[in-house]
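Q: Please take a close look at a single part of this model and describe, in one connected account, how it is placed and what surrounds it.

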Amino acid sequence: PEFDLPNYKELAITRPNKEFVDKDIDDALANFLRRQGEMKAKSSGAADGDYVDVDIRLLNEGQVVREFEEITVKVDDELTFRDGAIAQFRKGIEGAKEGDSREFKVKMADAVARPELSGKELQAVFIVKEVKELIPATLDEALFQKVGVQDEGELRDVIRMTLERRLEHAQRQAATEQIMSKLTETESWDLPQDLLKRQTERAL
């Protein structure tokens, strides 16, 4: 069905705004090169930003409640998963090599699949199977051909345009959400939210 929106043009809308500078492009390029990179096994101990393949045993008061095999996790300050988190994970796993065992405390979430574990602190035993590091891709002719650009300058232009398109999308999304919120505060709509959203986007 078609319906008219009230006068939304006088509503005060806050849109995210940013002028992208060289550092933004540098950071985005570095992220792009990491995504295009490859994992390589390393013989030295795990360090910040590395990845470790591990087997994991979760224990509650000494009893195994869950086991995982060949899980790959990133070495970061905190390790989070669906049902809980390990604080200071990086500090505990740094230096670990293949065959090493490390123990952690796991703080379980309040809403978990097994209610008896809700909010509890469990023990986790990590057995390291392999340590890997991410080697970023190199800015070379092979990469330029792969992504369809002539050189680094053109790649940076593509990255800038991508960031600008994402910003435009975020601006439209923010405007749509704010208009819908303000309209539903003042008007009584007996309409599905997705229909109201489509009509608002069409008006924008």
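A: A residue counts as exposed when its relative accessible area is over 50%, and as buried when that area is under 20%. In this predicted model, Ala-87 has a relative accessibility of 53% and therefore counts as exposed. Ala-87 is found in the loop between β5, which covers residues 84–86, and α2, which covers residues 89–93. Once its neighbours within four places in sequence are left aside, Ala-87 is in contact with Asp-77 and Glu-78.

Lys-105, in turn, has Gln-123 of β7 as its bridge partner, and the strand β6 (residues 101–108) is joined to β7 by seven bridges, the two strands running antiparallel.

Strand β7 itself, which spans residues 121–135, also pairs with other strands. With β2 (residues 51–60), β7 pairs in the antiparallel sense over nine bridges, and within β7 the bridge partner of Val-52 is Val-131. With β1 (residues 38–41), β7 is joined by four bridges, and these two strands likewise run antiparallel; here Ala-41 has Lys-132 of β7 as its bridge partner.

Technical notes
Residues numbered from 1 in each chain as written. Predicted model: local features only at pLDDT ≥ 70, side-chain atom pairs only at ≥ 80, totals over all residues. Heavy atoms only, no water. Pairing = 2+ DSSP bridges. Buried < 20%, exposed > 50% of the residue type's maximum accessible area, 1.4 Å probe, protein only. Contact = heavy atoms within 4.5 Å.
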